[in-house]
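Okay, thanks everyone, let's get going.

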Amino acid sequence: MRILIIEDDATIAANLYDFLEGHGHSIDAAGDGITGLHLAVSQTFDVIVLDLGLPGMDGLTLARKLREEAHVETPILMLTARDTLDDRLEGFSRGADDYLVKPFSLKEVEARLTAMYRRASGRVTSRLLEHGQLTLDPKTMAVLFAGNEVKLPPKCLRILELLMREPQRVISRDEIERLVWGEAQETSDTLRSHLHTLRRALTAAAGFDPVETLHGIGYRLRNTDA
Ligand code: CA
């Protein structure tokens with residue numbers, strides 16, 4: 001996932017950054033509300049981690065501006081030190097999708113972000129995904145490659161959808177496993193066999209394999225223009 005962290009506590013921000021980046025996510029970070037809002041509006045992220053108490057602009061104001069003024073629907077996980085029901089309700093009404101009360105575990109943050117991302121990806125990208133000669137319709141999960149229909153099992157479709165959503169980005173094995181299966185797999189065999197099925201079906205449709213392996217790093221899509 002592409003994650004924006006908006007948090008002024010340098011230790012918490014560094015812990016989040018290291019943990020999430022170590023799990024294959026790509027991270028941007030801001031230490032104040034103004035910079036955070038600017039990044040959230042000017043770039044595209046899958047999810048945002050937003051601290052409630054921030055210099056410049058507090059988290060609630062930022063969330064409200066993002067939704068109501070910039071019309072950015074990126075899911076927000078609000079971090080709050082104030083453990084009161086009123087604050088939580090206020091956070092939700094201003095556009096946060098979930099919240100965590102400090103102190104939190106880093107694993108919990110990642111689990112919540114993944115859940116938000118999965119919920120949102122159904123509604124955000126219901127538009128047709130296109131990459132050269134390859135198209136995937138998220139509404140029907142119909143795949144066409146070089147004009148030929150490609151039949152794929154559900155997990156393979158999900159992997160292809162992840163790759164197509166960010167065709168330039170290399171997506172790590174860990175990240176694919178977490179987003180498709182909900183957790184990293186014990187061995188690499190599961191992902192490998194699904195990738196094999198995916199590549200074979202795509203190759204059969206167009207005569208070449210659009211999935212590129214970057215050894216030890218991950219996978220991305222090649223240019224599939226005619
Ligand atoms: Ca703070």
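So, let's start with strand β1, residues 2-6, which runs parallel to β3 and is joined to it by four bridges. When I say two strands pair, I mean DSSP finds at least two bridges between them. Helices (H or I, at least four residues) and strands (E, at least two) are DSSP runs, numbered from the N terminus. Before I go on: this is a predicted model, where local features need pLDDT of at least 70 and side-chain atom pairs count only at pLDDT 80 or more, while totals for chains, interfaces and linings use all residues. Residues are numbered from 1 along each chain as its sequence is written, and side-chain values use heavy atoms, with hydrogens and water left out.

Now, how many of the residues of β3 are buried? Five of the five, in residues 47-51, so to speak a mostly covered strand. Buried here is under 20% relative accessible area, exposed is over 50%, and partly exposed is in between, with a 1.4 Å probe and protein chains only. Both faces are covered: V47, V49 and D51 are buried on one side, I48 and L50 on the other.

Okay, helices. α2 (residues 33-42) packs on α3 (residues 59-69) at about 25 degrees, axes 10 Å apart. That makes α2 roughly parallel to α3. For the labels, angles under 35 degrees are roughly parallel, over 145 roughly antiparallel, 65 to 115 roughly perpendicular, and the rest oblique. Axes are lines fitted to C-alpha atoms, for helices over the stretch in contact, with angles from 0 to 180 degrees between N-to-C directions. From α2 we have G33, G36, L37, A40 and V41 touching L62, K65 and L66 of α3, where contact means heavy atoms within 4.5 Å. That set splits into five nonpolar, two polar and one charged.

Last pair: the axes of α6 (residues 154-165) and α7 (residues 173-181) come within 10 Å and cross at roughly 125 degrees. That makes α6 oblique to α7. K155, R158, I159 and L162 of α6 meet I176, L179, V180 and W181 of α7. By class, the residues of this contact are six nonpolar, no polar and two charged.

Terms used. Nonpolar A, V, L, I, M, F, W, Y, C, P; charged D, E, K, R; others polar.
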